[in-house]
Each structure stands twice: as structure tokens, then as C-alpha cells.
Amino acid sequence: MSNQKADPNKQQWEDSEFPIVCETCLGDNPYVRMTKDSFGKECKICSRPFTVFRWLPGTNMRYKKTEICQTCAKLKNVCQTCVLDLQYGLPVQVRDEALNIKSEAPNSDINRQYYAQNIAGKDTDISHYDASKAAPENRDVLRRLARNEPYYKRNRPHICSFFVKGECNRGAECPFRHELPGGDAELAQQNIKDRYYGNNDPVANKMLSRVRTSGSSLAPPQDKTISSLFITGVEDEITETDIREVFCTYGQVKSVVVVHRSKCAFVNYATRSAAELAAQNIADRGLNIKNRALRVAWGKPRPQGPRSDTRKQGKLLLSFNEGIYRMI
Amino acid sequence: MPKIRTQRTKRPPEGFDDIEPTLEEFARKMKEIENEPHEGKRIVEGAWPVFRIHHQRSRYIYDLYYKRKAISRELYDYLIKNKYADANLIAKWKKPGFEKLCCLRCIQPRDTNFGTTCVCRVPKTRLQEGKVIECVHCGCRGCASGD
């Protein structure tokens, strides 16, 4: 059965050895048994037969399987099952907006197949999605939005639709969840193609609107003694004088400390009100020095807590030792 | 093919007439469930009653011979030969740990993805959920000897 007559441009079926899958989808058990079904199903995006992997992501979870093929997953750097970014666990739309990526890959039909086969396959550089190339605020946004821990609730069985209608005859042995659907009705209408291409994704829209409204929350901190601002993104070109120039208009600047090594700077105001005024104005206008966008936040209080603790600890130790000596 | 009695077939051994009504009952039940409609049931669920009656019938004969010793060897062999009981299933029941085995499908590792036995073979103490399991092969809810 030679492939001599196989058309090189014909869409090849995909065969792979191991799935590209995120941590949450794999589940909490380090020992997972997976079945491999070559050409088991069609990819939900490109409708090509591909290798389907199926596994149980933990007790009381539903079986999960790969939904999109590896080529589609690699093109967008997403998990094959949940179609969320591999690095941040965020929807494609959110990640692309944050990193300002506009995919040139065509979306439909033959054009897409051609692209996937010829261009994407040959040139697999994922540096597309390398976060270090993005602007610092965007990276920050991503970091803030991203989940730190795996979210295993996603792997739970789906809600029993019969139960919702009150008609579940299976009762106790029903493997689906007997709960009423909570949460937003709009969030429930999701489409895998929309989520993959980053159009019209309700979850992504919600996340993005949350980011936009919160801005960089330059609200005054509760601790009234803080009157200093913390600035990041301070490149070598930006000097103390530059910063002083910008910030002196809001009030008397007690001191400016610039640490180029860690790309940050502190601006200490003499009065708290000056600091607040500066923060408010920066929040409205954004801070740009020498064409560089800088991030401004409130400074953290000087650490006095730990020192007193160690002193306390020292005293405790001493008294403990004294006690022992007295006993002896 | 047998089970049809004509003038030419040999008479069953004595004692058969005593158990015949029960065997007839089993046969009738089997016919009944064979004709049940499939509405409202899952595809796999339709076959469960068949396995159930099969188990019950074999169990009855096994009990009569091995436990109560109420029938003769001759009659027992006759019943097995005429497919009133499943010899292979009874062979398993004689082994320790398989005394309550539901059906032969549930211990066949070739039928599972990972070469294991069916979930109904897991003792309830190991299941840890309080969740009811109906195995997909025969609808068994747990046939481990401990349960």
C-alpha cells in the first residue's frame, strides 16, 4: 500500500504519539491511564481525522478526550482539550489581545487546510506566543488574569439535563451531576470554533471588560502614611532628573530613588495629598517618559513588622533558656 | 438445539419433575424479557435482564446440587448438558472470590480498555463514594464476594 499516488496537497490525516494537554485537563492523579485511538474522531476545528486520547482526570470526573488536532493546537498554542492557552490558561481571545497577536492564518475551507499543511507544519516557531516580547503592562495583565492553580472543577461531569427537567430515571447511578445550572446564561453559550479563533467568546469578553474597568487601580491605599509611588519599566535611559521633572508638578518631592538594575524607581512625596494627586493624574493620563510606557503603583510600607517580631522571638528564646537554667 | 421433547428423546433422570415448574418459570420470564420494548432504556440496559435471569437460573441449579445437595449427580449433569445452567459460570462460582460472580463478561479483560475486570468486581469498601454502580455489561451493582 504505497503512497506513490498520494497527492502531496491532499489533507493528511494526523497521527500523534502524545497529546498536547494542560495540567488541569490531565487531573490531579499523577498516574493516568490513557487510551489512544488513531484517527478516532474529526478535529472540531479543521475536521481532519486525528489521534484521540482519552483519560480519566481523577475520581468522580468525566472522561476527557482531545477535541482538536495537534496542528490546530500548535497553531494557537492551546490545550487540545480545553482550547485554553498552555502557558496562562486563558482564552485565546484574551491572550491575543494582551499580546497583540493577529493571526494571519486563514479561517475557512481549502485555504485553511493549505495553510495548516504547508506553512504551519514546516515553520513551527512558537516564539509567536513568547511573552517576553510583549509590553510590560500586557504581560502584567496576563499574569494577573492567569490562574495559579489548576481548576479541577472544569473536569466534573456535565449537568444532567434530565434532572433539570425533573425526569432523571437513573437516580443514584446517574453519572451526571444532579445540580441546577448556576452562573450566567450568556456564558453558557459557547462555541468551540469561536473560542479557538478568538471571536465572540463570552468568557473572554467578560475577562477583558473586567481588565478595562479596573484599569491599574490607582486608588489611594488604606495606610495613610504611604506617600510614595513605585514605578516599574524604568529603562536605563530614564534618569532621576526625568522622573523628578514629571512628578514635581504635583507637589514637593522629598526624594527620588532610581534603581536601574531592577528597572524601578521610587518617588517619595513630602505630603500624602501630593502623592494622591500624582496618582490620580497618572491614572487618567498614563505615564510616558522618553516614549516609554511606565507602570505606576503605590509604594509598599517600610517593613517594620518583621524586625519587631525577631526582637520578640529573641526575648522569648532568652526567657525559655533562662527557664531551663533555673530548672537545672 | 435440544429442549424439545419428542417420543424419541430419553426421559430426564428422576427428580426432574420436582424442579420442572421452577425451570418453566425461568423459561417464561426469559421469554417475557426478550419481548420487552426498548423504550426508555439505554442500549446496553436492554440486555441486562437477560443476564440477570441467566444468573438466577444457573444459581438455582448450583444451589440445588452443591449447597443443598437436593438433586443427584445424574440430574445435575443432565441439566448442564441441556443448557438449563451455565457450566462455565458455575465453574467460576466454585472458586474462592468468585462466589457471587454476576456473569462471565465482567471478568473478561479483553472487554476492557486497560485489560482489567469490570467495575462491578470492585468491593464496595474500595469504591469510596457511596455511589451506585451499574456495570455496563450486565447491570450488576457489585459482585465481589465481600459485598
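**Chat about a two-chain model**

Modeller: Over residues 154-181 of chain A, the chain is 18% helix and 0% strand, with the end C-alpha atoms 14 Å apart. Bear in mind that this is a predicted model.

Colleague: What does UniProt place at residues 154-181 of chain A?

Modeller: UniProt has "domain: C3H1-type" there, from an unreviewed entry. The record also places "zinc finger region: C3H1-type" at residues 154-181 of chain A, again from an unreviewed entry.

Colleague: Moving to cysteines. How many disulfides are there over all chains?

Modeller: A search of the whole structure gives 0.

Colleague: Now the strands in chain A. What is the order in the open sheet of 3 strands?

Modeller: The order is β1-β2-β3, and the pairing is antiparallel. β1 (34-42) and β3 (64-65) are at the edges; each has a single partner strand, so one side of each has no neighbour in the sheet.

Colleague: How many bridges hold β2 and β3 of chain A?

Modeller: Strand β2, residues 49-55, pairs with β3(A) over 2 bridges in the antiparallel sense. Lys64(A) in β3(A) stands opposite Trp55(A).

Colleague: What about β8 of chain A, which strand does it join by 4 bridges?

Modeller: That is β4 (residues 228-232); β8 covers residues 292-298, and the two run antiparallel. Thr232(A) has Arg295(A) in β8(A) as its bridge partner. β8(A) is also joined to β7 (residues 287-289) by 3 bridges, again antiparallel. There, Ile289(A) is partnered by Arg292(A).

Colleague: How many residues sit between the strands in the hairpin of β7(A) and β8(A)?

Modeller: There are 2 residues between the strands, and Lys290(A) takes a positive phi near 50° in that hairpin.

Colleague: What does Thr24(A) touch?

Modeller: Leaving out residues up to four places away in sequence, Thr24(A) touches Pro150(A), Tyr151(A), Tyr152(A), Arg154(A) and Asn155(A). Arg154(A) and Asn155(A) fall in the stretch 154-181 that UniProt annotates.

Colleague: On to chain B. How many helices and strands are there?

Modeller: Chain B has 5 helices and 0 strands, and along the sequence the pattern reads α-α-α-α-α. The C-alpha trace of chain B spans about 55 × 40 × 25 Å along its principal axes.

Colleague: What share of chain B counts as buried?

Modeller: Of its 147 residues, 34%. As for contacts in chain B with a separation of 6 or more, 53% come from residues 24 or more positions apart.

Colleague: Which residues of helix α3 in chain B are buried?

Modeller: In α3, residues 73-81, they are Leu75(B), Tyr76(B), Tyr78(B), Leu79(B) and Ile80(B). The cover over the buried residues of α3(B) includes α1 (16-34), α2 (48-67) and α4 (87-93) of chain B. Just after α3(B), Lys83(B) has a positive phi of about 65°.

Colleague: Last topic, the interface. How many residues does the contact take from each chain?

Modeller: 8 residues from chain B and 9 residues from chain A. About 820 Å² is buried between the two chains, with carbon and sulfur atoms giving 53% of that area. Arg42(B), Phe114(B) and Val132(B) supply 56% of the area that chain B buries against chain A, more than any other three residues.

Colleague: How many salt bridges are counted between chain B and chain A, and which side chains meet in a salt bridge?

Modeller: The count is 1. The side chains of Arg42(B) and Glu173(A) meet at 3.2 Å, N to O.

Key: Residues are numbered from 1 along each chain as its sequence is written. Chains are lettered from A and ligands numbered from 1 in the order in which they are written. This is a predicted model: local features need pLDDT of at least 70, side-chain atom pairs count only at pLDDT 80 or more; totals for chains, interfaces and linings use all residues. Side-chain values use heavy atoms; hydrogens and water are left out. UniProt positions are given in the numbering used here, feature names are shortened, and annotations may be inferred rather than shown by experiment. A disulfide is a pair of cysteine sulfur atoms within 2.5 Å. Two strands pair if DSSP finds at least two bridges between them. Contact means heavy atoms within 4.5 Å. Buried area is the accessible area (1.4 Å probe) that two parts lose on being put together, summed over both. A salt bridge is a side-chain nitrogen of Lys or Arg within 4 Å of a carboxyl oxygen of Asp or Glu. Buried means under 20% relative accessible area, exposed over 50%, partly exposed in between (1.4 Å probe, protein chains only).
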